[in-house]
Amino acid sequence: MQRKRQPAEPYRIKSVEPIKLLTRKQREERIKQAAYNVFRLDATDIYIDLLTDSGTAAMSNRQWAALMMGDETYAGATSFRRFESVVKDLTRKNFVVPCHQGRSAENLFFSTILKKGDYVPNNTHFDTTRANTLHKGGIAVDFPCEASNTDEYVSFKGNMDVEALEQFIHEKGADKIPVIVMTVTNNSIGGQPVSMKNIKDVSALCKQHHIPFFFDCARFAENSYFIKRDEPGYADKSIRDIAHEMFEQCDGVMMSAKKDGLANIGGFIAVNDEDLYRRLTELLIIVEGFMTYGGLAGRDLEVLAVGLEEVLEFDYLDFRVEQVRYFGERIKEAGIPIVEPIGGHAVFADAGKFLSHIPAEQFPGQTLTVALYLEGGVRAVEIGSLMFGGEDPNTGEKLTARRELVRMAVPRRVYTNSHLDYVADAAARIAEAKDKLGGYKITRQAAFLRHFTCEMEQLAPSGIGVEMK
Ligand code: F0G
């Protein structure tokens, strides 16, 4: 595919935050002290942080100004009313439940609607969505489309497999399925978008079987941009109109507003069903806060009310999605294979392919992650056998992941293309020395979500030892 012109940032910089690259020797010391786990590093150890696009956005001058308008009244704050009106208009829903982030929305929602043994189909669950479903006794089932398992270059790889879903509904019965969820964009398979057609097909199927249809819409604006860019019939529609059309297909949404809310904290549920709203707010008041702040400060609600509008601006989204694509193409040119097409918020390097001499049991994704830190002070995250592997609790069998990936998520409005060029240059030096890289072994780990805290050791041969500075 031909590379499109790269738009320049549609904003200028008014406030800066210094970042510092430690020397190679200091980085070697720090990563060793962190037992080769990048989650154990401090922010001051890092030059470019691509760990996540969540809660890491830079706020605009309008958002900073709105922050001062925060009304911290406990009940009925004007800040909530502003936030509520933006969310209602955007999502086309009548009732808004504020909460402090995505997983608290999931907790409230699944606690309210799930019975033990219920199934929750999703195009692909995000980790916390899956964990919250399981936590309430539900069974999380993924229905990614066929292409999501391959290297095939197709648009809308985030789609749900409607045929498989339909068969599943027939097998299990609609009464065992209290909700079907669509994650837009589909984070777990690479930030891949979902087409309007697929959304409409799933919506029709849900209506036919009287199953509520919900979105997990952390990156709804990026998804709308992809629809405008790639789906026939949408090129001339505004992002706002596309977002409205998407939201009109579903009965409710859960959102982690730490992504496309362009804010550092926040989330919500929005629904049309008044009875469901009442049940959600009963629990909200017990676990998060009163129904007009839900665990957020008034100033956070103000910031979100502005962010949820700004994110719909075409120039912002065009720069955003193209910047991620530019970055992905630079990583590929550097000699590191990536997942394609490039998604909306991150570039996923295929470390399994790149470091084929390192077996999955020795975590090639971790090798690339540590190499990025050593080489450039860059923090990425392994999404492979370190995150998903371990031992089967029943059989003791050693599990490995389907793919050994490394995610480099791009925070919104934070880094310039020179920062990303810098990361790609580091990647190129790693690619040149890749045969010298060795794997890792875990020396200590927790029973659940081990990747956050585990300690590791390098297996020889290790390190590429290219002194940069
Ligand atoms: N749903 C999706 C699709 C997400 O990507 C996330 C978070 C959540 C729900 C949970 O939201 O963090 O506000 O509680 N994703 C982040 C990430 C953490 O790095 O991909 P949260």
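Predicted model: local features only at pLDDT ≥ 70, side-chain atom pairs only at ≥ 80, totals over all residues.

In which loop is the place of Ala35? Ala35 is found in the loop between H1 and strand S1 (48-49).

**Backbone features**

- Ala35 has a phi near 55 degrees, which is a positive value in a residue other than glycine.
- A cis peptide bond runs from Val184 to Thr185, and its omega is near -15 degrees.
- Thr185 belongs to the loop between strand S5 (180-183) and helix H7 (196-208).
- Another peptide bond, from Glu340 to Pro341, is also cis, with omega near -5 degrees.
- Pro341 has its place in the loop between helix H12 (314-333) and strand S9 (346-350).

**Salt bridges**

- The count of salt bridges in the model comes to 38.
- One of them joins Glu29 to Lys25, and the closest N and O atoms of this pair are 3.2 Å apart.
- Both Glu29 and Lys25 lie in helix H1 (residues 24-33).

**Residues around the ligand**

- The ligand is surrounded by 16 residues.
- The closest of these residues are Thr52, Arg103, Ser256, Lys259 and Arg407.
- By type, the residues of the shell divide into one nonpolar, eight polar and seven charged.
- Helix H4 (residues 102-113) supplies the largest share of the shell, namely three residues.

**Polar atoms facing the ligand**

- Arg103 places a polar side-chain atom 2.6 Å from an oxygen atom of the ligand.
- For Arg407, a polar side-chain atom lies 2.7 Å from an oxygen atom of the ligand.
- In the case of Lys259, a polar side-chain atom is 3.0 Å from a nitrogen atom of the ligand.

**Burial of the ligand**

- How much of the ligand does the protein bury? Taken alone, the ligand exposes 470 Å², and the protein buries 94% of that area.
- The largest cavity is the space taken by the ligand.

Technical notes
Residues numbered from 1 in each chain as written. Heavy atoms only, no water. Near = heavy atom within 4 Å. Polar contact = N/O pair within 3.5 Å; in protein donor to acceptor, adjacent residues only side chain to side chain. Areas by Shrake-Rupley, 256 points an atom, 1.4 Å probe, with all protein chains shown as cover. 1 Å grid on protein atoms, 1.4 Å probe; cavity = no way out; pocket = protein on both sides within 12 Å on 5 of 7 lines; lining within 4 Å. Sits in = over half its atoms within 2 Å of the grid points. Helix = DSSP H or I, 4+ residues; strand = E, 2+ residues; numbered from the N terminus. Nonpolar A, V, L, I, M, F, W, Y, C, P; charged D, E, K, R; others polar. Salt bridge = Lys/Arg side-chain N within 4 Å of Asp/Glu carboxyl O.
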